[in-house]
Amino acid sequence: MAEVVITTSGMTFSDLVAIARNGATVSLSQQSLSAMQSSRDHVEKLAASETPVYGISTGFGALANRHVSQELRTQLQRSLIRSHAAGVGDPVEREVVRALMALRLKTLASGKTGVRPVVAETMAALLNAGITPLVREFGSLGCSGDLAPLAHCALVLMGEGEAFDSNGVQRPVADLLREAKIIPVQLAEKEGLALINGTDGMLGMLILAIEDLRMLVNTADVVAAMSVEGLLGTDRVFIPELHLPLRSHPGQAESAARMLATLKGSGIVASHLENDDRVQDAYSLRCAPQVAGAVRDTVEYAATVALRELAAVIDNPVVLDDGRISSNGNFHGAPIAYVLDFLAIAVADLGSIAERRTDRALDKNRSAGLPPFLADDPGVDSGLMIAQYTQAALVSENKRLASPASVDSIPSSAMQEDHVSMGWSAARKLRTSITNLTRIIAIELVTASRAIELRAPLTPSPDSTKVITALRKSVAGPGADRYLSPELEAATAFVATGRVMNAIE
């Protein structure tokens, strides 16, 4: 199993994905351990002082004006975590929890938070043992960090709360820690705050979304090209001379190139190069690279923001290199929340244009000679009629999910935290949007594949042939009506696991 070594300089996208999804273990570099001890020394000097310092010897948020005596500071940190672990709702996905833990560990390892090395080492031990704290869906406002989700994780470090083992079975935390030989941490000054004051949940979900969307946009291009093929569209609108030289959006040029490559060698496309009285294809075919390309460029902009945040140190207060402990507002999730919402808009539009191609293939008046609804015996059979209904419902849902969360704000903490980002909510709805997009693309794939096969004896392109051959291992081809739901689920798994791209690459 891969190992990710966490240093003071953080981690990469691929490191985060390896930890969150692939179970990679983590270790802390000696550089990080030394940096943590150095910043801890500064914290302990301030903790011994009579001068109140936020996060070390005071209360939190609207209660920051209370100076807390030394004998109560362990209770202060413990009470902070217990009270902030106030999430409700269904458990958040394992990969999301592992991502937010890994990102919080990355910040602890920077040596800017003032925690003892043992705190980071214990969090690393949880990840390596496959212990996943139970984090609930609702609780974060995306400001002061993802407080409630991170508090649920910190609670497990203390030997409390709820958690799952490496097999996904919920078990008592005390048993899980004992079996893994992990000693619960008794938090000292500053440590409770350092464990929860980060944008780690928002950022983790953003990076995972970028990983998914990079694959899905590639897949969407291939499937769109297959729809063009099945609908007797032209590939001439995808030639490179029409894209980068005329309109310098890199995503558009990349999508057009992928579509042109997918259609290369198609006997179906070649069959209507002459004596075709149609002048232009519909927008859903002709403008596919423009829409998918805009999605690509949006994803890469989001990646730029995510990379900046990945390199950041998010904590409040933070320990500066000269030993000063400084309060700040870097925990505000606005930069992440905006791009999460932007991605939801792009996802909704990519799904919308895919559904239009599906509908066109099922309409005998617009499908260039295909049978109604691609049915085997139209009138007796309904073919893919209701598959398009399902796709339309998913598209409609994604339009609702495209309504931005980041334009909302609701005051909290007795008006001390009077403007929040709602970035966690933006991330949660984006995950749903991406799941829906995967299903939308899968339904277009089922439709386009059937349309191509119904063009026989005309032959599809080599790439289309490879995709259809791979799909047919789990989804049957044209024929009489049958129970369709399992086939659509199988097609969704085919898309989600990257098998469209695997087939042609």
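What volume does the second largest pocket have? About 370 Å³.

Some ground rules first. This is a predicted model, where local features need pLDDT of at least 70, side-chain atom pairs count only at pLDDT 80 or more, and totals for chains, interfaces and linings use all residues. Residues are numbered from 1 along each chain as its sequence is written, and side-chain values use heavy atoms, leaving out hydrogens and water.

Now, the pocket. Rolling a probe the size of a water molecule over the atoms shows where empty space is left. Here a pocket is an open set of points on a 1 Å grid over the protein atoms alone, where a 1.4 Å probe fits, with protein on both sides within 12 Å along at least five of seven lines. Lining residues have an atom within 4 Å of a point. The volume is the space filled by probe spheres set on the points.

The second largest pocket is about 370 Å³ in volume. It has 21 lining residues, and the closest to its centre are Arg21, Asp212, Ile434, Thr435 and Thr438. Helix 9 (200–230), helix 16 (423–453) and helix 18 (485–496) each give two or more residues to this lining. Helices here are DSSP runs of H or I, at least four residues; strands are runs of E, at least two. By class, the lining holds seven nonpolar, six polar and eight charged residues.

Side chains of opposite charge can pair when their charged atoms come close. We call it a salt bridge when a side-chain nitrogen of Lys or Arg is within 4 Å of a carboxyl oxygen of Asp or Glu. The whole structure has 34 of them.

Aspartate 212 bridges to arginine 21, with the closest N and O atoms 2.9 Å apart. Aspartate 212 sits in helix 9 and arginine 21 in helix 1, so the pair ties together parts 191 residues apart in sequence. Aspartate 212 is partly exposed at 21%, and arginine 21 is partly exposed at 29%.

Next pair. Glutamate 137 bridges to arginine 428, again with closest N and O atoms 2.9 Å apart. Glutamate 137 lies in strand 5 and arginine 428 in helix 16, so this pair ties parts 291 residues apart in sequence. Both residues are buried. Through shared partners, salt bridges join Arg21, Glu93, Glu95, Glu137, Asp212, Arg428 and Arg431 into one network.

One more bridge: aspartate 200 with arginine 104, closest N and O atoms 2.7 Å apart. Aspartate 200 is in helix 9, arginine 104 in helix 4 (residues 94–108), 96 residues apart. Aspartate 200 is buried at 3%, and arginine 104 is buried at 0%.

Now helix 1 again. Phenylalanine 13 is in helix 1 (residues 13–22). Phenylalanine 13 is buried, at 13%.

Last, the backbone. Which peptide bonds are cis? Asparagine 316 to proline 317 is cis, omega near -5°. Alanine 456 to proline 457 is cis too, omega near 15°. Proline 457 lies in the loop between helix 16 and helix 17 (462–471).

Lysine 190 has a positive phi, near 80°. Lysine 190 is buried, at 0% relative accessibility.

Note on methods: Ala, Val, Leu, Ile, Met, Phe, Trp, Tyr, Cys and Pro count as nonpolar, Asp, Glu, Lys and Arg as charged, and the others, Gly among them, as polar. Buried means under 20% relative accessible area, exposed over 50%, partly exposed in between (1.4 Å probe, protein chains only).
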